[in-house]
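Hello,

Here is the structure I promised to send over. Please open it alongside this message, and have a look around before reading on.

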Amino acid sequence: MDVVSDAISAVHLGHPSSHRVRTGGSWCARLEPYDGAGFYVVLKGGCWLLADGGAAVSLGVGDAVLLPHGTGHVIADSPVDAAVAKEKAVPFERWLMGTGTGPRARPDRDELEMLCGKYWLDCSRMHPLMAELPEVVHLPHRVGGHPELRAAIDLLAGELDERLPGSCVALPSLLDLLLVYMIRSWMTEATSGAWPGALGDPVTAAALRAMHSDPAAPWSNDRLAAAAGVSRPTLARRFTTLVGRPPMTYLTWWRLILAATLLRDTPDTLATIAGRVGYGSPYALSHAFEREFGTTPGRYRAQAAGRSAAASPQPASVATADR
């Protein structure tokens with residue numbers, strides 16, 4: 001796998017949820033912080049988003065927003081500040097349920113139509129690429145900008161609207177695709193942050209691609225330098241500068257993150273997992289795992305099962321709310 005795919009897979013839990021909302025008039029709703037990521041895509045009209053500790057953001061037709069850290073926020077029909085939001089905002093779920101699911105009212109000029117949803121994430125072992133995403137990733141609509149993201153939005157909107165056969169399979173896949181494209185779009189536009197730079201550097205990207213494609217391989221600094229087509233000192237200098245740790249230190253860390261993901265997501269034995277992540281024995285993996293995470297693999301697996309159970313157990317929902 002590649003770095004972005006691995007970074008998402010390492011934290012992804014359960015099934016995402018989604019709604020298509022139509023509403024109008026004056027409204028203001030608040031979503032409290034949670035362990036996950038949220039998104040909004042405006043299809044018609046406009047609204048405002050105020051994240052905790054941030055500035056209000058105006059959202060127009062075609063705009064997409066990702067809140068990758070589950071930041072608490074208010075969404076409203078007009079600009080609000082923290083004081084107004086505290087007084088006016090109703091809980092998001094109550095607002096969503098209160099809009100009803102009956103026949104759609106006659107559209108009006110000020111109607112808002114948007115897609116919104118949540119991804120449940122295990123934030124206990126987050127890849128630094130995910131960790132450095134800003135609290136609010138605003139991707140304004142621009143003609144010709146991010147065509148893959150626009151295509152995914154169109155497909156998702158149609159799937160939610162039509163209730164087509166096979167939607168229970170299609171919806172989770174489209175929602176996962178939307179998350180990938182939003183992160184990818186952010187990376188192409190980011191003007192700061194280590195990971196857009198790391199993946200844009202051919203030497204560092206080549207070394208990362210090698211490690212993530214085959215983490216169990218007997219990598220060394222010399223082998224990674226050869227895979228990147230540079231000398232060992234050049235790789236060490238560029239990789240450490242951009243990633244923040246030397247290549248072999250990063251590889252050790254990633255192998256343990258991958259082991260944690262396999263403990264959470266599979267019933268594989270510790271011996272099997274050790275082989276998959278490049279450790280010669282379950283004892284060696286257990287020792288390294290406890291040194292890194294402060295707990296044994298067995299205890300981690302039990303704790304991870306609880307986190308997974310807390311994530312949404314239902315598949316992506318098809319809900320259209322009309323107000």
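Below is what I found in it, starting with the overall picture and moving on to single residues.

**Overall picture**

Please keep in mind that this is a predicted model. Its mean pLDDT is 88, and 90% of the residues reach 70 or more. The secondary structure comes to 14 helices and 11 strands. Of the 323 residues of the protein, 48% count as buried. Among contacts with a separation of 6 or more, 77% are between residues 24 or more positions apart.

**Where to be careful**

Over residues 100–106 the pLDDT stays under 50, and the model has 11 contacts beyond four places in sequence for them. Residues 312–323 also have pLDDT below 50, with 52 contacts in the model beyond near neighbours in sequence. Where pLDDT is low, the predicted coordinates should not be read in detail.

In soluble globular proteins, nonpolar side chains tend to be buried together. Here the largest nonpolar core has 73 residues, and the members that touch the most others are Phe39, Tyr119, Met130, Leu156, Ile183 and Tyr250. Helix H11, residues 247–265, gives the most to this core, with 11 residues. Apart from this core lies another one of 21 residues, including Ala51, Val65, Leu96 and Cys116.

Leu66 sits in strand S6, residues 64–67, and counts as buried because its relative accessibility is 1%. Beyond four places in sequence, Leu66 touches Ala37, Gly38, Phe39, Glu135, Val136, Val137, Leu179, Met182 and Ile183. Leu66 and Leu179 are 113 residues apart in sequence, yet their C-alpha atoms are 8.2 Å apart in space.

In helix H11 you will also find Thr261. Thr261 counts as buried, at 12% relative accessibility, and Ser9 and Ala10 are in contact with Thr261 once neighbours within four places in sequence are left aside.

**The sheet**

Five strands form an open sheet with mixed pairing, in the order S5-S4-S7-S2-S8. Strand S5 (56–59) and strand S8 (90–91) are at the edges; each has a single partner strand, so one side of each has no neighbour in the sheet. Further in, strand S4 (residues 47–51) pairs with strand S7 (residues 73–76) in the antiparallel sense, over four bridges. To find this pairing on screen, look for Ala51, which stands opposite His73 in S7.

**Aromatic rings and charges**

The whole structure holds 12 aromatic pairs. One of them, Tyr34 with Trp120, is edge-to-face, at 6.1 Å centre to centre and with 65 degrees between the planes. This pair links distant parts of the chain, 86 residues apart: Tyr34 is in the loop between strand S2 (28–31) and strand S3 (36–44), and Trp120 is in strand S9 (residues 112–121). Tyr34 is buried, with a relative accessible area of 13%.

Tyr40 and Phe92 also form an edge-to-face pair, at 6.4 Å centre to centre and 70 degrees between the planes. Tyr40 lies in strand S3 and Phe92 in helix H3 (residues 92–98), so this pair ties together parts that are 52 residues apart in sequence. Both Tyr40 and Phe92 are buried.

Elsewhere, ring pairs link Trp195, Phe239, Tyr250, Trp253 and Trp254 into a cluster. Arg245 lies over the face of one of these rings, that of Trp253, at 4.8 Å from the ring centre. Lys118 does likewise with Tyr34, lying over its face at 4.5 Å from the ring centre.

**One backbone detail**

Which residue other than glycine has a positive phi near 50 degrees? That is His146, in the loop between strand S10 (137–139) and helix H5 (147–162). His146 is buried, with a relative accessible area of 15%. For context, most residues other than glycine have a negative phi.

Happy browsing, and do write back with any questions.

Best wishes

Conventions. Residues are numbered from 1 along each chain as its sequence is written. This is a predicted model: local features need pLDDT of at least 70, side-chain atom pairs count only at pLDDT 80 or more; totals for chains, interfaces and linings use all residues. Side-chain values use heavy atoms; hydrogens and water are left out. A nonpolar core is a set of buried Ala, Val, Leu, Ile, Met, Phe, Trp, Tyr and Cys residues joined through side-chain atoms within 4.5 Å. Buried means under 20% relative accessible area, exposed over 50%, partly exposed in between (1.4 Å probe, protein chains only). Helices (H or I, at least four residues) and strands (E, at least two) are DSSP runs, numbered from the N terminus. Two strands pair if DSSP finds at least two bridges between them. Contact means heavy atoms within 4.5 Å. Rings of Phe, Tyr and Trp (its six-membered ring) pair if their centres lie within 6.5 Å; planes under 30 degrees apart count as stacked, over 60 as edge-to-face and the rest as tilted. A charge sits over a ring if NZ of Lys or CZ of Arg is within 6 Å of the ring centre and within 35 degrees of the ring normal. pLDDT is the predictor's confidence in each residue, from 0 to 100.
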